[in-house]
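Trainee: Could you walk me through how the labels on a structure are decided?
Mentor: Gladly, and please keep asking as we go.

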Amino acid sequence: MYAQMVDTGTRVAGNELDAAEALFQKRIDDGIRVEPQDWMPDRYRKTLIRQISQHAHSEIVGQLPEGNWITRAPSLKRKAILLAKVQDEAGHGLYLYSAAETLGISRDQMVDDLHSGKAKYSSIFNYPTLTWADVGAIGWLVDGSAIMNQIPLCRCSYGPYSRAMIRVCKEEAFHMRQGYDMLMSLCRGTPEQKQMAQDALNRWWWPSLMMFGPPDADSVHSEQSKQWKIKLFTNDELRQKMVDQTVPQAEYLGLTVPDPKLKWNAERGHYDYGDIDWEEFYDVVKGNGPCNRERIATRKKAWDDGEWFREALVAHADKKSKARLAVAA
């Protein structure tokens, strides 16, 4: 039955739908990747559209906090590195928009959903970059959290998403090392520079842990996404991995993680950490963060300012298509 649906794109209902979903789940359990032409449950498609488009929006909006510092980088070398990084993030957004389009949603629709507030992006990008050290903290903590979340996505069940993530993760790993190197330079500099690094860690630590999403007990989508192998780990599992990885790195820098409850738990083999302010997280997600309105206003302006260019591209493409048809005739 499943093979017939794949070949014909048949829509099924009732008991046949239950049987089709059971066969679909078995394919996933067997490690067979789902491709765009394959039959899939509507819930699976919608879940992927929500997750991949949100991921794409996060990459695009994520350019803004760091792009703010391109003209103020302390050296030509640092400016070149930051330019390359911001360009990488734009590329990641394009890969992911393309992956989402294979599920039947248009890029224009995804952008409209972002601008209207229907679609979300990572809450972390609604915080301001107040000093140059914040750029390093984003590379180390934000991209570090992103890598922790994204490496498992290279093995997720949807083919276009998993393949896009391979290149994204390679570039994000470089971004993390770049951010850590920047903070290392500050920590080895003057006392004022080291204090700047500490202040950045103080402000970005908790929002970085919020990046993984709400606790598992409150997560609406995690369990189903794990069953479909869209996600391979829960939010809390990934958050714990991030804490365990990052605390020794902070100690090496000579910085103090801003959590008085942080301590090594030998029985668990993990760090225990303090309570996260989930009220702040949900408030930012609802649009009340320090920079929510600014971020969306900036993206809307960029979209509106680029309308003439998009129209020119379409006109040029139409002109080339007509020319090819004329030659063929």
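Mentor: What follows is a set of labels, each set against its definition.

Mentor: This is a predicted model, where local features need pLDDT of at least 70 and side-chain atom pairs count only at pLDDT 80 or more, while totals for chains, interfaces and linings use all residues. Residues are numbered from 1 along each chain as its sequence is written, and side-chain values use heavy atoms, with hydrogens and water left out.

Trainee: Why is Cys169 called buried?
Mentor: Buried means under 20% relative accessible area, exposed means over 50%, and partly exposed is in between (1.4 Å probe, protein chains only). Cys169 has 8% relative accessibility, so Cys169 counts as buried. Cys187 is buried too, because its relative accessible area is 12%.

Trainee: How many disulfides does a search of the whole structure find?
Mentor: The search finds 0. For Cys169, the nearest cysteine sulfur belongs to Cys154 and is 3.8 Å away. A disulfide needs a pair of cysteine sulfur atoms within 2.5 Å, so Cys169 is in no disulfide.

Trainee: What makes Thr131 partly exposed?
Mentor: Its relative accessible area is 22%, so Thr131 falls in the in-between class. Thr131 lies in the loop between α6 (107-116) and α7 (132-150); helices are DSSP runs (H or I, at least four residues), as are strands (E, at least two), numbered from the N terminus.

Trainee: Which residues does Thr131 touch, not counting those up to four places away in sequence?
Mentor: They are Trp69, Met196 and Arg203, where contact means heavy atoms within 4.5 Å.

Trainee: And Ser53, buried or exposed?
Mentor: Ser53 has 8% relative accessibility, so Ser53 is buried. Ser53 sits in helix α3 (residues 42-61). Leaving aside neighbours within four places in sequence, Ser53 is in contact with Leu48 and Met110.

Trainee: Which residues touch the most other members of the largest nonpolar core?
Mentor: Trp140, Trp204, Trp205 and Leu253 do, in a core of 44 residues. Such a core is a set of buried Ala, Val, Leu, Ile, Met, Phe, Trp, Tyr and Cys residues joined through side-chain atoms within 4.5 Å. The elements giving two or more residues to this core are α7, α8 (159-187), α9 (191-210), α11 (235-253) and α12 (278-288). A second, separate core has 29 residues, including Ala20 and Met110.

Trainee: What is the class of Leu313?
Mentor: Leu313 is partly exposed, because its relative accessible area is 48%. Leu313 is in helix α14 (residues 307-328).
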